[in-house]
Amino acid sequence: MRLPFRRRQAARKPTFSPIPFLFSLSTFAAPPAAAITFTPAPPANVDLTQLGRIALAGDFAGISLYQYEGQHERPFSTNGSEALLARMPNGAFASVVSTDATIQTMCRFTMSDGTEAGVVMGGNFTSLEGMESTAIALFNPNTSAVTPLSGLSGQVNAVLCDRETNTVYVGGSFVGANSTNAIAWVGTEGWTNLPFAGFNGPVTSITKASNGHIIFGGSFTGLGNATAPSTPDSQVINLFTADITAGSSSTTPGFNQPRNIVCKTGAGGSGNTWLLRDNTPGFWQATFKFGFQPTKLRLYNTNQDGRGTRTWRFTALPINGIMNFTYIDPATGRNASCTSECPLSNDPAVKFQDFHFVNVIGMNAFRVDISAFYGSGGGFSGIELFGDDIFSYAVNNFNEPTCAGIQFPSTATATGPWTSSPSLDSTSEYLTVGLAAPITENSASIVFTPDIRESGHYSVNLYTPGCRQDNTCSSRGQILITGQMTADPTKSQPIERELYQTNDFDKYDQIYFGNIDASSGSFRPQITMTPLPGQSLTTMTFVAQRVGFTPINSTGGLNGLYEYTPGSVVINASDFSKSAFNRLGASFAAGSAVNALATSGDVTFVAGNFTSQTVRNIVAMSGNDATTQSLDGGLNGEVESLFSNGTNLFVGGSFTNTLDNSISGLNNVAVYDTVRNTWSPLGAGVNGKVLRVVGMTMNITTSTPEVVVSVNGEFTELSAFGSNAAVPADGFGIWVPSQGNWLRNLDLPVESINGILSTSILGDETLYAGSISSSTLGASGVATLGNTLGRLPVKIQPPEAASSSSPLAKRADAVSGTSAGVITGVFDVESGRNITILGGHFTATAANGTTVNNLILLDGSKSDEISGLGPQIDSNSTFVALAVQGDILFAGGNVTGTVNGAPVNALVTYNLASKSFNAQPPRLSGGGATVSSITVRSGTGEVYVGGSFSSAGALGCPGICVFNTGTSQWSQPGQGFEGTVTSMTWATSNTLVAGGNLTINNTVSTFLARYDANARTWDIYPGASQLPGPVNVVTAATSDGSELWASGTRPDGSVYLMRSSGLNWVAAGQTLEAGTDIRGLQIFSLTSSHDSTSTIGPNEILLLTGSIILPGFGTASAVIFDGKDFRPYALTTNTGNTPGSISRVFTERNNFFTSSGGRLPLVFVVLIGLGISLALMLLIVLAGFFLDRLRKKREGYIPAPTHMYDRGSGIQRIPPHELLESLGKGRPGAPHV
């Protein structure tokens, strides 16, 4: 059990050197690693050069290639936990330091000598990187080390790092040292109380004015801090439920039980007195299941038979500290003190004695040792313990005992199956209840009722035990706090707060600050805690521990603003009016609050929820002449947040216009030009409250980052303006000032970002805080793939809302694995066309402004004109398979409609040349009436269609049917085949492989079958009996189609991935985790080889698409497998903070087994070698002819005559006998010289 330590009320100023302090904390700091760096992921080396255009189709709003370790596609956290974030070189956000709650404020702490101390982070967190750290810590960007700045308890809302004074000013709702809600960390001293010791209400913002003064803003009405009630020691600590033990107790019945003196007031006698054995010292001890801080001990001495306690000492446990007391000596009436031998009078006239603790120390047990006694032995006839802390515990045994006779004791009323949980690392035991969905306000509740003795100003804090100690972090959720603190509702604001219980370690949240009426017979303050209804948790762990009520002392005289001059030692409330800021706050109406402060040049902007005679909710104060600027009278609603960038002040809140209604479109967010003094809208704003406006940097049109503005809040839409339609938004949007538009409206290759940004530090080392899901490219449903990712010139949007419970939607899910997004695509380049065809379940806008549903024709030859199939196809159709044969598009899936007056089902055809429907094939029917795969037999007009159907028109054709484009008729491929086909591929030009849940020859079941298109016969694919379940996806593993990769589902629902090798099937070496959904498989060539394995060659890799869960990594939408390891390839995000997925890859050319840098298949090597040999032979022959002619020309040869008269004349000159007479003679000898 952790003890409830807190500061004493006595004024003191603890200071210490931060250097030894930081060294001492290094033991508790997160292990130093290195500066913020990101490790590149191993390159994929996928060769895309032989494939033409490539696209990735799926259900996503953003996509990234996996380039750096630490990238992921997890949705952003919705349980209240955030992180310190940095940007990777590719623009993706990465967590640097994780927290269990919100980092609400940051500043870079630079000393006056230029030393970088680090980044100060403040918030309502209790842990950083799993290490206990409450509310504030220091982060070192150079080492990535985190150092908790221990000493505060509560929540930090604002920090200001002031280089000139080496000081960090801290504001919030906390206690620390001797301050409340405001304190300073001084670079040479550590935590230092400010001279005014804080405020009587929370601080929300701090800024430095141009005059060097520090301006605090918040919900306070004066300086001051927590104090004791005017009637101290009024809360009774419950001894009745404690575990009571004793040492050396008397053996006399009626006097031997140490519990005799609990809830007794000195009546004495048997059953009301506890005695020690004769002449023996001893002790009395109480052990509790909760921690407490007593301020007064009341002892009733016994006078039984002349006995009594003479001296005693009080030991606090478990710290084993002997406590110091002050008391009034009954004999002299004077103040006295004691420690280890405190006296107790035995005067019968003295009924009891009160001893006041000098030090307020937390404890959960104590022991009273009796060292000397009167008569034969010591003892007591009563004991009581009191404190100042006003608590109402969830465990009623810890509240004030009924035996104390208190008129309105603290109580708690629980409804639901609560059980008590041990305190473990917390300050007390607490109640726990496990709730099952659906979670409602009526699932469980607890009502806290305190013992408020006097009306006044209080801070009400809800204490929540940490979730790590009881291993419930994954099931903790949100709670709703309600309550009324005054009998007259107009005198206080009702409590209504939503809080997270996901804190790793114990925390408290201030849930109310203001007036509370004392308990009476007609009214009692109450706090009700219930689960927040509508949470998406399957099971929720709901915990309840205690609520504390702290009286607040105040100087008064302030109203949400305070100007502090650094270096001031004495603060005098009479000087408040000398400050223009203090006077400005005093002009606000009662109950006003300042939410945000910002300084730009010599002007300080003050914003919040306030009104005066001249300003409303926002006002500016000039530092030169201390005059106020009304900013067109202010805004007509509360301002929550400010972000200043140069001459632009971005403002977020719940407003619609300026007070004089001069500017339209200021819906909850606006910008104020500090030079021109004019308001401008951001588009037309958003449709709900803006809670945070935070600066960011992004590369929009160049490689140079520019400042953009993120907007977070309770809105669902970026409002329409100009030519921009309204854009759905999940409480997050990014405004790009250079483009005058929202990021989601820009048709630019920029990142996709969604989630929550709480704060940021811009500069050379930009850091963010929040919970973000991001992708390097914002692209909806489809992205191009090359050297980088790119966008197609089309805006895909989720489909119109359709009931997923309809039979149609259920069939779509069964066919495609998803009912939204782009599921398939084709690049059509036939007959000189350049059309990209996308199919799935989505909407887009055509060139004529009409809505296109579920199938898009993107015509690149007509400036990317967009068209669709028109209204003849029902809008709730889903296309999952596409193929082009000649000019005809075959599109199948879960499709219905009426074309040319006739109904269509599962399949439609469309003429791409004329952009019109042609005569439709007889419709498919029976079974599920859906198509899952379409493939064209090369060199023929045969289109094979597979899915879940039983007939095509009047033709019985279960599972697979062939449409001949030449005869426009269906035919059944072979006999004896039936079942549900999910995937098809051509192994050769004559061999079709079909996967699914199939039956061959009407009797033999199989998950993979083979069809001989020449013989028109089916048989079981070799070794298919080794497959553990229906095949969902199949693809060729080799260029000749002799081997395959197949993926499917086992009977237990898990996924398998196997490769055929002859008659055997070999499983992939690693196992993918449960929940994996493989929707596509494809072999790719590589630019760089890897180690060869038994399943994949060294120059190839297998790409898996879908939603693949990798052990130790999580979900990836595309994964590569080298035969040994799975590695992420592409990651996606989606709208609505839901997971993204990639359905498939489609390419312009299918040269998957041809590499630009690898070896060609042997057959191509032989053919190329033969071609080279023939070419060389031809060159040799030609060279021979040329050289022979050259030789003859040099030797004087004359071409033979070709004319007839030459031939005749030659014969006349030479008689025939002369030609023949030399025959038979020998060759003449060599000539003689």
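I started with Leu1176, which is partly exposed at a relative accessible area of 48%. The model I am reading is a predicted one. I placed Leu1176 in helix 4, residues 1162–1194.

**Cores**

Which residues touch the most other members of the largest nonpolar core? I noted Trp312, Phe314, Phe325, Phe366, Ile527 and Phe549, out of 69 residues in that core. Strand 20, residues 282–292, gives the most to this core, with five residues. Apart from it I found another core, of 49 residues, including Ala783, Leu1081, Ala1118 and Tyr1129.

I listed the contacts of Phe314, leaving aside neighbours within four places in sequence. Phe314 is in contact with Leu297, Gly321, Ile322, Met323, Phe325, Phe357, Met363, Phe366, Arg367 and Val368. Phe325 and Phe366 are on this list, and both are also among the core residues that touch the most other members.

**An annotated span**

I checked the UniProt record, an unreviewed entry, which annotates residues 391–550 as "domain: Rax2-like third". In the model, this span is 0% helix and 45% strand, and its end C-alpha atoms lie 9 Å apart.

One joins Leu317 and Pro318, with omega about 10°. Pro318 sits in the loop between strand 22 (308–317) and strand 23 (321–322). The bond from Ala437 to Pro438 is also cis, with omega near 5°. I found Pro438 in the loop between strand 33 (430–436) and strand 34 (445–449).

I then looked at phi, because most residues other than glycine have a negative value. Asp233 has a positive phi of about 55°. Asp233 lies in the loop between strand 16 (214–218) and strand 17 (235–236). Asn279 has a positive phi too, near 50°, and is found in the loop between strand 19 (274–275) and strand 20.

Asn279 counts as exposed because its relative accessibility is 56%, over the 50% cut-off.

I moved on to Leu858 in strand 64, residues 851–859. Leu858 counts as buried, at 3% relative accessibility. I noted that Leu858 and Ile835 are 23 residues apart in sequence, with their C-alpha atoms 5.4 Å apart in space. Beyond four places in sequence, Leu858 is in contact with Leu792, Pro793, Asn834, Ile835, Thr836, Asp864, Glu865 and Ile866.

From that list I followed Pro793, which lies in the loop between strand 61 (789–790) and helix 3 (807–816). Pro793 counts as partly exposed, at 36% relative accessibility. Which residues does Pro793 touch, not counting those up to four places away in sequence? I recorded Leu858, Asp864 and Ile866. Asp864 and Ile866 are also contacts of Leu858. I also looked up Pro793 against Glu563: they are 230 residues apart in sequence and 55 Å apart in space, C-alpha to C-alpha.

Terms used: Residues numbered from 1 in each chain as written. Predicted model: local features only at pLDDT ≥ 70, side-chain atom pairs only at ≥ 80, totals over all residues. Heavy atoms only, no water. Helix = DSSP H or I, 4+ residues; strand = E, 2+ residues; numbered from the N terminus. Buried < 20%, exposed > 50% of the residue type's maximum accessible area, 1.4 Å probe, protein only. Core = buried A, V, L, I, M, F, W, Y, C linked by side-chain atoms within 4.5 Å. Contact = heavy atoms within 4.5 Å. UniProt positions renumbered as here; feature names shortened; annotations may be inferred.
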